[in-house]
Amino acid sequence: MAKKQEYNASSIKALDQRTHLIKRMSLTFGAEGGTPENPFSTQKSVAIREITDNSVDEVIGGYAERIKVSFFKDGSVEVQDNGRGLPVDIGVNSNNEKVSGIILTLGTINSGGKFSNDSTRFSGGLNGLGAASTNFVAARTDITVYRNNKKYTLSFKEGKPGFFDKPDDPEAKFTELTDLTYVKEEKDTRPAKEKKAWKTGTVIKTWLDENVFTSKYPVNRLDITERLRGTTFLLPGLEIEVYNEVDLIEVDGVEKPRVDKFKFEGGISELVKLNQNKDPLSEIIHLEARETYKEIVPVLQDNGQIKNEEVDRVVIAEVAMSWDVGYDYSMESYVNTIRTRLGGVHETAFERALTNAFTEKISSMRGMLPASMQLKPNFEDFSEGLTVVLSVKISEPQFTGQAKEELGGREAQRAIQKLLTDVFTKFANASKNDAQMRIIGKKISDATKAREAEKEARDIKRQKNKLESSTALPHKLVDCEITHTEDSELYIVEGDSARGALKAARYSSHQALLPIRGKIVNTNKQTLQKVLANQEVQDIIRSLDAGVGKDFDTDKLRYGRVFFGTDADVDGGAISVLLTMLFWDLFRPMIEEGRVYQLLTPLFLITPRKKGMGNLYALNDIEFEEITRKLDKDGIKYDVKRLKGLGEAGAKVLNETAMNPSTRTVKQITLTDIEKAQKMLDITLGSDVKPRKDWIERNPYEGMNLD
């Protein structure tokens, strides 16, 4: 029996703020996600973002329009803004002690200026944790404040205020502050040009303590830069400069620090334009709306007590979107300028609002959604070719974690969905937008029709699987002893006579035979339903035993390679082309992985009468003329047999020309240009006759260009 552990006051550990932060790092900076595949520390990146978010909040409040972020080669990061500057006067902390405003804001956990209930404040930092927490897990942080035409400075070591005796050295001697109201005050001696650009504001330079983070990977400088770039679209007029001494660039053969400057006056519409990968199909739709809702939250009272009260909240949603000719979906969402990479309730609200509002309009438009359609548009249909930037401003957003990458909150979702539904409905029903809505409606209805066709195909497949046992092989299949290996081979041959001849010529250990009758169904002319109803197609599917279409999996293949064994005449060639089309449509990975081959069996068998000479084979008339001309020249008599079909060749000839890997002649079916190949297949095998006729007229048999 295990020894009982004493439980008393000594069992309880009281941790100081820094130790608690380090012990539970994920509570403040989110889970660490750095991996060898993504060699950047997510926690360190969040720690730096907390500082940049504070500067962005100054911009949101209308107090700043310029930010500079610098990544130095010693690992330090500096963030500067031209906002109001941190408070430098004297305040009171939670212990009723007098301290400077800098210590209150950056040297005290759970303090800040965003705890009061203000439905019009749209800040990213709300918990009094972020930038102060970064300060506590830093080996050194230097704070410089410009205001009142003066320069104020204070440093921190591991969250404790004081001063270092050397600049830019976290290892320098540190003297801890005894008077917590003290801030070093000096005359602002900066050059006039710098003073003009940065008259007031805050500069925070920090060296994160590498010893307290579990990951040894660095800050993700590119991610932070991209987030800042996105912010400039959300706040037109904001100018951000990123100075990077770590990721150097080459200029005229010399490596120099990388400098990126971002300023976009076009707002989120400009970001949509930049994010689109294909040619635009519709104009950029830019809408904005505001909604008020009620929420029960803890409210800080004047007496310092907390009381749950119903308060008014304001949410502002701004969306810019456009469809292009492609099929990819791009969503870039923000909450109070913070990029929400993991989405959240605002993205869900957008999807539902767009689907509901636009579906109602499209359904009423003539020629868009036939009454016979069983399916109605869903967001999957709307997302094809859609590029969206969604920016939400909300007071006290409920992020799902301190990393602030996902928005939560049911009341917020309802409010956002309501306001977006209203503005989408108003846009869709405005007569001036009829042409735009018809373009969008066509895109959506096409996607819905395609999804319905896919559903029908799945239904057909389910029905087929229900009627046929997955283990039942075609009765015509001549199986081999070894299957489900790369060396096992399936020969799809033309007719029962070819099966009989090849059966005597094959290696029964790993070569299987499946005969088909006549020309197989043309998959480029028939619906998938009719293709799958074809008995020959079903036999091939059951023989391969690896699924069909999107469900096809080469790892499950019963045979590692497939050979088309057709007669060496025009009809045989046509069957091979139809089989190629079939495999392209139903078993495409086999062609992409080089698993499909065409047997090049001889059209002529030439038997020299000279002793010691073996059989000679000619694949076509040209080879026949070359061989016989040489034999005639050498005075060698010979016998000729034209092989009308594989069944006439005989076991010995077929073993030599079709089955023996060391002597057979085969052609691997591959596609180096998929788009070009698909175009040719559509021309030659499609249901539209005119393109095929035009192509034949442009490419007569003599010198025909088969490319």
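Residues are numbered from 1 along each chain as its sequence is written. In this predicted model, local features need pLDDT of at least 70, side-chain atom pairs count only at pLDDT 80 or more, totals for chains, interfaces and linings use all residues, and side-chain values use heavy atoms, with hydrogens and water left out.

Student: What makes β1 and β2 paired strands?

Tutor: Strands are DSSP runs of E with at least two residues, numbered from the N terminus, and two of them pair if DSSP finds at least two bridges between them. Strand β1 (residues 66-71) and strand β2 (residues 77-81) have 5 bridges in the antiparallel sense, so they pair.

Student: Why is the span of helix α16 called close to the expected one?

Tutor: A helix is a DSSP run of H or I with at least four residues, and its expected span is 1.5 Å times one less than its number of residues. Helix α16 (residues 570-586) has 17 residues, for which 24 Å is expected, and it reaches 24 Å from its first C-alpha to its last.

Student: Why is Leu-281 called partly exposed?

Tutor: Buried means under 20% relative accessible area, exposed over 50%, and partly exposed in between (1.4 Å probe, protein chains only). Leu-281 has 32% relative accessibility, so it counts as partly exposed. Leu-281 is found in the loop between α8 (267-275) and β13 (285-300).
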